[in-house]
Every structure is written in C-alpha cells, then in structure tokens.
Amino acid sequence: MQERLHIDEMKRIEKQVNTLVKSWQKLTKSHTQLEEKYAILNEEMARVKSRHQEKLAELEQQHSEAKEAAQLALESAVSDEGRRWQQKYDETIAAHETQLRETNDAHQNELSELRLEMERKEQALTRELDQVRKVKDALSSRVLGVAE
C-alpha cells in the first residue's frame, strides 16, 4: 500500500510538474511575443522619432529662412526709407540753395539799381550844386561889383 501511495504521490507530482512546464512554456511564449512586440514598438518609435527630427529640422530651416528673409526685407525697407529721406534732404537742400541764389540775385539786382539811382541822384545833385554855385558866384560878383 505504501507503494501505491508513493505512485499516487508521483503521479500528482508529475501532474503538477506537467502543469508547471505548460505554464512555463506559456510564459516563455508570452515573453517571446512581448519581446517581439517590444522590438516592433522600438522600431516604430525610432521611425517616428526620426520623422519628428526631420520635421523639426525642416521647420527649423524654414524658420531660419523666413527669419533671414524678414531681416533682408527689414534692411531693404530701412535702406529704402534712408534713401528716401536722403533724397528728400538733398531736394530740400537744393530747393533752399536755389531760393537763396534767387534771393541773393534779386538783392544784387536791387542793390545795383539802387547804386545806379544813387549815382544819377548824385550826378543830378552835383549839377544842381554846380548851378547853385554859379548863381552864387554870379550873385557874389554882382554884389561885389555894386559894392566897389
């Protein structure tokens, strides 16, 4: 009977071992499947990461180009505005110089006319003075001639 017990015990242990082996095989199979899924997910993550890095690099390049274009546009606008102000300044200076020249020419003409008029008046006054002297001399000669 003890042998029978021993056999039953062995069968029970064999059954437990078989159950354990089957469970172990299931776990190993699940582990292998999980490792395969992990490898697939890792590859997919690497592809996604690579795509994101490429997209980020592309966006960075676009941003850099847009920034450079904006900087060039700003410099061009500032340069254009500077040229416009310089042109306006040059035009204003030229207009003021023209006005100054015209005013100076007008004053010179007026001064020349005033000199000519002064010379004519001086000549007229000199002639008048000469006539007055002649009259004075004539009157003085008469007075002196009468007085003698």
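This is a short tour of a predicted model, stop by stop.

**Whole chain**

The protein chain has one helix and zero strands. Its radius of gyration is 62 Å, well over the 15 Å that the globule rule gives for 148 residues, so the chain is more spread out than a compact globule.

The protein chain exposes about 14400 Å². Carbon and sulfur atoms supply 58% of that area. What share of the 148 residues is buried? The figure is 0%.

Colour by charge next. There are 25 positive and 30 negative charges, and their mean positions lie 10 Å apart.

**Nonpolar patch**

Select Ile13, Val17 and Val21. Together they make a nonpolar surface patch of about 210 Å². Zoom in on valine 21. This residue belongs to helix H1, which covers residues 2–147. Is valine 21 buried or partly exposed? Its relative accessible area is 38%, so valine 21 counts as partly exposed.

**Salt bridges**

Side chains of opposite charge can pair when their charged atoms come close. The count here is four salt bridges. Three stops follow.

Select aspartate 80 and arginine 83. They form a salt bridge, with the closest N and O atoms 2.1 Å apart. Both lie in helix H1, three residues apart, or about one turn of the helix. Aspartate 80 is partly exposed, with a relative accessible area of 27%.

Move to glutamate 81 and arginine 84. Their side chains meet in a salt bridge at 2.5 Å, N to O. This pair also sits in helix H1, again three residues apart, about one turn. Arginine 84 is partly exposed at 48% relative accessible area. Glutamate 81 is partly exposed too, at 34%.

Finish at glutamate 117 and lysine 121. Their salt bridge has its closest N and O atoms 3.3 Å apart. Why are these two residues about one helical turn apart? Because they are four residues apart in helix H1. Glutamate 117 is partly exposed, with a relative accessible area of 33%.

Terms used: Residues are numbered from 1 along each chain as its sequence is written. This is a predicted model: local features need pLDDT of at least 70, side-chain atom pairs count only at pLDDT 80 or more; totals for chains, interfaces and linings use all residues. Side-chain values use heavy atoms; hydrogens and water are left out. Patches are made of residues with over 30% relative accessible area and no salt bridge: like charges are joined within 9 Å, nonpolar side chains (Val, Leu, Ile, Met, Phe, Trp, Tyr) within 5 Å. Accessible areas come from the Shrake-Rupley method with a 1.4 Å probe; for residues, only the protein chains shown count as cover. Buried means under 20% relative accessible area, exposed over 50%, partly exposed in between (1.4 Å probe, protein chains only). The radius of gyration is taken over C-alpha atoms; the globule rule is 2.2 Å times the number of residues to the power 0.38. Lys and Arg count as positive and Asp and Glu as negative; His and the chain ends are not counted. The place of a charge is taken as NZ of Lys, CZ of Arg, CG of Asp or CD of Glu.
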